[in-house]
Amino acid sequence: MSETGLTPAAPGPAGRIRAWWGPRIVTQIVTVCAVLALFWLLGQNTATTMERIGIAPGFGFLGHSANFEIGETSIPFSAGNTYAYAMLVGLINTVKVALLGCILTTILGVTIGIAGLSGNLLLAGLVRGYIEIVRNTPLLLQLFFWVSLTKAFPPPRQAAPLFDAVFLTNRGVFFPAPIFDGMPDGAGWLIGLPLAGYGLFLWLARRRGALTLRRGLLTALACLALAAALLAGSGVSVGFDVPVLAGFNIRGGVTITPEFTALLVGLTVKFSAAIAEIVRAGIQSVGQGQWEAARSLGMHRGQIMRLIVIPQALRVITPLITSSYLDLTKDSSLAVAIGYPDLVSVINTTANTTGQAFEALIILIGVFVTINLSVSYAMNVYNRRVALRGSGPR
């Protein structure tokens, strides 16, 4: 109120406009205009340069036939396919190594993180040495080490089989593959039905808070037995295609190339050390009183860790593991340095053969942004579920 005891009148439209149109707003508008002008100049310069060297800007090259081969593919590909299809092959290779890397990194990192908290001084010391060496070594150097190690394996004719089924050679790792003889048409439900049942069990058990590791494993074994029974009842015989030495190479089974093996092992080892530290910090963030209360109820260390500590530590662990997943996905682009044909390698070859480097770079940026945003969204959804469940009444 003013000295006269009256409330000051609200400013009129002109006063509100003057208050809004201040130096701060003017500065922001000028900054935005300067950024837009910079992008316009860069675009004009790029278009002029492409026109001068005879390259038509645009994404029409995606429909042209690619004139290169891809050494490792998950789907059929030949040089007659389009550049768009070649990029799809590279994208599948990238997603494959990133997905497997995240799974294996989580398993190894959680195991190492829990082992590092062991009361065994020798085990804890080994874990600490592993973490320090791996975290303080560049990933690219580690990839070179692993690919040189895989190349040091003996040639196929000199490779000794492990368990008469697995071959470690300088041409890749060969191991048996399951085969189904006599599979009738439309019999995918024989495998899909047990999988759907297992998924329904996980959903219901998690919803009711009755999901445990033992129940999950027993139900998985029951679903596998049901699938085997359905296949046997339909006259389908299940066997294994075991790799064997034939001439100068190994035939049969499934092959993992040295480049893929080195990349997957390098990413798993590198980021397992980071996740181990995250798990250690998350477990240690749970108060000592939780341990003491659980021991007073007669729980042993494994039960305390599984039922009390880990559920609470997940609220600390999950956001940090999300960051590790994103870093692993982005660092998979280093595959180009060891010869694995991921998306970066395919797009680099596309840019060199077509001259459309600017458009190829835009595609690469868009794909990686989409992948990382998808991973981040999925992990954020899981993090909200963990946080809501952990913040409820106990």
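Me: What counts as a cavity, and how is its volume worked out?

Reply: On a 1 Å grid over the protein atoms alone, a cavity is a set of points where a 1.4 Å probe fits but cannot get out. Points are joined across faces, edges and corners, and the volume is the space filled by probe spheres set on them. The model here is predicted, so to speak of local features takes pLDDT of at least 70 and side-chain atom pairs need 80 or more, while totals for chains, interfaces and linings use all residues. Numbering runs from 1 along each chain as its sequence is written, and side-chain values use heavy atoms, without hydrogens or water.

Me: How many cavities of 30 Å³ or more are there?

Reply: The count is 1, and the largest cavity has a volume of about 30 Å³.

Me: Which residues line the largest cavity?

Reply: Lining residues have an atom within 4 Å of a point. Here they include Thr150, Phe153, Ile256 and Pro258. By class, the lining has 4 nonpolar, 5 polar and no charged residues, with Gly counted as polar and Pro as nonpolar.

Me: And what is a nonpolar core?

Reply: Picture buried (under 20% relative accessible area, 1.4 Å probe, protein chains only) Ala, Val, Leu, Ile, Met, Phe, Trp, Tyr and Cys residues joined through side-chain atoms within 4.5 Å. The largest one here has 31 residues, and Leu263, Leu267, Ile283, Val309 and Ile321 have the most contacts inside it.

Me: Which helix gives the largest share of this core?

Reply: That's H8, with 10 residues; helices are DSSP runs of H or I, at least four residues, numbered from the N terminus.

Conventions: 1 Å grid on protein atoms, 1.4 Å probe; cavity = no way out; pocket = protein on both sides within 12 Å on 5 of 7 lines; lining within 4 Å. Buried < 20%, exposed > 50% of the residue type's maximum accessible area, 1.4 Å probe, protein only. Helix = DSSP H or I, 4+ residues; strand = E, 2+ residues; numbered from the N terminus.
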